[in-house]
Amino acid sequence: MSATVCVLTGKGHSAIGSIALWGPQAETILGRVFIPSGKFEGFRLGGIYHGHIADADNLIDDVVVGCEGLHQFVIHCHGNPILLEKIVRLCLASGAQQGPLETILDNTAPDATPIEREASIEQLGAVTLDGVRIIQAQINAGLSATVRGWLVEDNTTSVDTIHQQCRHILDRSVIAGRIIHGVRIVLAGPPNSGKSALLNALAGSEKAIVSDTAGTTRDWVSATIKIGPFRAEIVDTAGLDPQAIRQSPDVKAQQITRDLLRDCDCIILLQDATQPAVPEFTLPESIPVVRVVNKCDLVLPQPQPGHVYLSAKTGRGIDTLLEAITRTLGAQDLTPGEPVAFTPRQKHLLEDILQCRDIQRMRHLLEEHLAGVTFPTI
Ligand SMILES: Nc1nc2c(ncn2[C@@H]2O[C@H](COP(=O)(O)OP(=O)(O)OP(=O)(O)O)[C@@H](O)[C@H]2O)c(=O)[nH]1
Ligand SMILES: [Mg+2]
């Protein structure tokens with residue numbers, strides 16, 4: 001058999017779709033349909049390649065291709081079922097045969113490390129191609145390479161240094177998790193400050209009702225957009241209003257807003273440039289806040305450091321807001337190859353390592369649970 005192709009992700013519309021292509025001719029077929037971006041020196045085991053799939057001159061989709069084994073590739077594209085179908089058909093037209101999923105599942109290397117196994121599962125749940133690249137990069141570089149470095153026989157790295165590196169990896173894993181799984185960003189602020197108008201401006205369509213009646217939004221409304229490497233769900237909430245009448249639906253709406261504020265990755269706190277500054281709301285301390293002054297088409301307030309000035313009505317300043325969000329969520333300096341933990345199990349293990357000062361015990365934890373090598377007990 002030359003090469004076999006099949007869709008790995010479930011039917012229906014998910015953010016990212018994955019297609020397996022394997023067999024002796026897989027590389028030749030990829031050579032016909034995949035155009036790598038930038039410098040490309042051929043596929044190597046564990047490599048991750050960004051580029052696009054094209055049918056002659058017709059671009060089908062931006063993709064990330066992972067070389068997962070000898071003659072084994074996974075093409076990660078956007079999850080639209082039509083795109084997946086087009087890529088599969090193109091592979092078939094280029095010489096591949098349609099194959100059942102079971103074949104590839106049975107083919108999973110028996111000696112795969114825990115990180116490799118988790119990567120092949122987790123990348124199917126990633127919501128962005130950048131997320132797929134981060135996960136793929138942990139197999140041969142990233143977390144695997146760092147753990148292998150700690151485990152080499154003549155390693156003289158001190159416990160303190162390993163602990164320091166673990167803490168750094170755990171910090172960076174938060175940012176990686178946001179890119180892999182997406183983020184939720186909540187718009188908050190007093191009634192009438194323009195939260196719904198800002199949601200609509202960000203979404204590019206009328207998602208929420210905008211009106212000059214304070215208290216228009218009660219139930220939350222959301223829209224999903226791309227901000228830098230993040231897939232972001234932007235949530236418009238009922239205005240924070242200490243005057244909300246007891247027992248009315250407004251009180252319930254206030255409670256929902258507060259719950260949403262506790263359960264998000266970033267808060268955009270709006271202030272109306274035409275109104276006197278309102279007293280600070282109590283916001284959850286652990287969640288980063290981007291402060292926005294809206295309606296700057298009506299008045300130009302005295303600039304304060306750390307604030308974004310914009311007009312949801314004209315769209316002016318929205319780009320600055322998107323940059324501020326990307327910066328606040330820490331995306332600007334995360335490289336796909338740096339070590340991160342991408343499953344709760346990996347994170348718990350690094351936390352266990354942080355509690356441990358016995359280097360032998362630490363080695364055993366790492367060997368068994370991350371590197372997948374078992375050494376005899378000493
Ligand atoms: N001139 C101007 N008007 C704006 C801007 N943003 C919002 N508005 C107006 O301000 C009023 C309130 O806007 P909304 O978006 O409904 O405000 P909100 O914060 O969602 O209000 P609630 O849902 O009541 O909490 C509407 O009349 C909008 O047209 C802006 O940037 N410039
Ligand atoms: Mg509203």
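Modeller: Let us begin with a loop: Lys295 is found between strand S12 (289-294) and strand S13 (307-309), where strands (E, at least two residues) and helices (H or I, at least four) are DSSP runs numbered from the N terminus. This is a predicted model, in which local features need pLDDT of at least 70 and side-chain atom pairs count only at pLDDT 80 or more, while totals for chains, interfaces and linings use all residues. Residues are numbered from 1 along each chain as its sequence is written, with chains lettered from A and ligands numbered from 1 in the order in which they are written.

Biologist: Why is Lys295 called buried?

Modeller: A residue is buried if 20 or more other C-beta atoms, placed from the backbone, lie within 10 Å of its own, exposed if 12 or fewer, and partly exposed in between. Lys295 has 23 other C-beta atoms within 10 Å, and therefore counts as buried.

Biologist: What is said of the phi of Lys295?

Modeller: Phi of Lys295 is near 70 degrees, a positive value in a residue other than glycine. Most residues other than glycine have a negative phi.

Biologist: Why does Asn192 count as buried?

Modeller: Asn192 has 22 C-beta neighbours inside 10 Å, so it counts as buried. Asn192 is found in the loop between strand S8 (183-188) and H8, and its phi, near 75 degrees, is positive.

Biologist: What puts the buried residues of H11 on the same side?

Modeller: The buried residues are Gln346, Leu349, Leu350 and Ile353. They cover an arc of only 100 degrees around the axis, which puts them on the same side of H11; the arc is that of the directions from the helix axis to the C-beta atoms. On the other side of H11, Pro344, His348 and Gln355 are exposed.

Biologist: What makes S1 and S2 partners?

Modeller: Two strands pair if DSSP finds at least two bridges between them. Four bridges join strand S1 (residues 4-7) to strand S2 (residues 16-22), which run antiparallel, and Val5 stands opposite Leu21 in S2.
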